[in-house]
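Let's take a walk through this structure together. Have the sequence and the 3D view at hand, and follow along one piece at a time.

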Amino acid sequence: MSKVSLHISKNSTNAIETFYKTAVKKIKTDSSATLLDSFCGHFINQDTERLTSVLEGHLHKKNYIKKHVKSAFSTAVEMIQNIRLHGSRIEQKTPGCYITFSEGSSLSIQTANLISNAEVPVLIQRISDLKSLQNTQLKQRYIDRLAKGSISLKGGAGLGLLTILSKCNGKISTKFVNISNEYSIFSMTTTLPLEHA
Amino acid sequence: MDAFNIEGSAKTPEIALNPEQGTIDIKGRSIPENSVAFYNPIMDWLAAYTEKPASQTTVNIELEYFNTSSSKCILDVLKKLEALNQKSGNVHINWYYEEDDEDMLEAGEDYEAILNLPFKMIETKED
């Protein structure tokens with residue numbers, strides 16, 4: 001391992017950690033928000049099951065309506081797997097963070113991961129394009145993609161963002177933070193309804 | 001030809017493929033990271049089954065959740081059965097969804113729109 005790659009690795013991981021700490025602090029100091037779960041580190045396969053079962057358990061315990069619990073679970077699965085599939089890998093590791101918090105009758109799920117700077121304009125365009133679609137157009141895009149698309153080498157079906165947007169009914173905010181000549185942090189926050197049964 | 005079974009887990013569905021009865025059951029959660037690896041043995045089994053199928057094939061899909069990469073693999077499974085149906089005309093899909101789970105009902109309807117297969121949407125009550 002060269003000193004340069006170690007430097008990049010450390011800087012990138014630190015940048016994600018700083019982003020995570022700032023986001024968690026903001027939630028904790030917001031009296032109307034309740035932090036449910038948070039994780040920052042290198043994402044591995046088992047994280048999908050681990051993090052989503054915590055979320056599901058919490059929502060069931062609070063007796064939210066099943067439809068909302070299911071939407072939250074599905075959205076969290078896609079967002080976490082999005083990190084694993086599309087997050088930049090640094091020395092075979094995928095740094096990222098995941099935060100869930102509730103606010104009144106809504107649940108927010110926030111994720112962040114690294115992406116190469118070259119991918120930023122492509123992703124901005126893709127999200128903007130999808131956000132401009134009406135629900136029926138989004139649905140049609142999903143069916144077209146499902147029918148004609150194939151699974152990429154990374155294991156994605158190209159349907160993740162479409163599904164996330166559809167589940168949260170377009171309530172998604174994204175942020176790109178440039179951290180070096182090579183990488184940016186891509187953060188996505190979805191807001192979903194939560195009503196008691 | 002042997003039956004093929006996979007126990008369900010927190011991330012993968014229970015699979016029961018019975019060549020004598022002509023039943024294909026997929027039940028539970030399908031959210032693996034690597035859906036292709038999970039569904040490949042099922043595709044292999046189906047390839048052999050469609051060579052010598054039962055007189056009638058009944059497919060029961062009762063999923064609680066599935067991720068987007070599984071959705072593509074499930075479509076591949078159904079496409080294989082669509083080809084069998086075009087040959088034998090005796091494939092039926094039972095798509096189960098929990099009451100109030102409009103998303104799962106819609107998912108079944110999406111497949112029905114893409115494929116030329118007879119789908120029956122069956123609502124189930126919560127446990």
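Predicted model: local features only at pLDDT ≥ 70, side-chain atom pairs only at ≥ 80, totals over all residues.

**Starting from a pair of strands**

In chain B, strand β3 (residues 23-30) runs parallel to β4(B), and eight bridges join them. Helices and strands here are DSSP runs numbered from the N terminus, with at least four residues (H or I) for a helix and at least two (E) for a strand. Two strands pair if DSSP finds at least two bridges between them.

Residues are numbered from 1 along each chain as its sequence is written, chains are lettered from A and ligands numbered from 1 in the order in which they are written, and side-chain values use heavy atoms, with hydrogens and water left out.

Now zoom out to the whole sheet of chain B. It is an open sheet of six strands in the order β1-β2-β3-β4-β5-β6, with mixed pairing. At its edges stand β1 (4-6) and β6 (119-124) of chain B, each with a single partner strand, so one side of each has no neighbour in the sheet. From one strand to the next, the twist averages 15 degrees. Helix α1 (residues 35-49) of chain B packs on this sheet, touching β1, β2 (14-18), β3 and β4 of chain B, and its direction makes about 10 degrees with that of β2(B). For such angles, axes are lines fitted to C-alpha atoms (for helices, over the stretch in contact), and the values run from 0 to 180 degrees between N-to-C directions.

Over in chain A, there is an open sheet of five strands with antiparallel pairing, ordered β1-β2-β3-β5-β4. Its edges are β1 (33-42) and β4 (172-178) of chain A; each has a single partner strand, so one side of each is left without a neighbour in the sheet. Nine bridges join β1(A) to the antiparallel strand β2 (residues 95-103) of chain A, and there you can find A:G41 opposite A:G96. Helix α4 (residues 120-131) of chain A packs on the sheet, touching β3 (106-116), β4 and β5 (183-193) of chain A, with its direction at about 165 degrees to that of β4(A). Helix α6 (residues 160-167) of chain A packs on the sheet too, touching β4 and β5 of chain A. Those two strands, β4(A) and β5(A), run antiparallel and are joined by seven bridges, and a hairpin links them through four residues.

So where do the chains meet? In all, 27 residues of chain B are in contact (heavy atoms within 4.5 Å) with 31 residues of chain A. The area buried between them is about 2500 Å², with carbon and sulfur atoms giving 52%; buried area is the accessible area (1.4 Å probe) that two parts lose on being put together, summed over both. B:E33, B:Y65 and B:T68 supply 28% of the area that chain B buries against chain A, more than any other three residues.

Charges feature here as well: the count between chain B and chain A is eight salt bridges, each a side-chain nitrogen of Lys or Arg within 4 Å of a carboxyl oxygen of Asp or Glu. One of them joins the side chains of A:E56 and B:R29 (2.5 Å, N to O). On the side of chain B that touches chain A, β4 (57-66), α2 (68-88) and α3 (102-114) of chain B each supply at least two residues. The largest share, seven residues, comes from α2(B).
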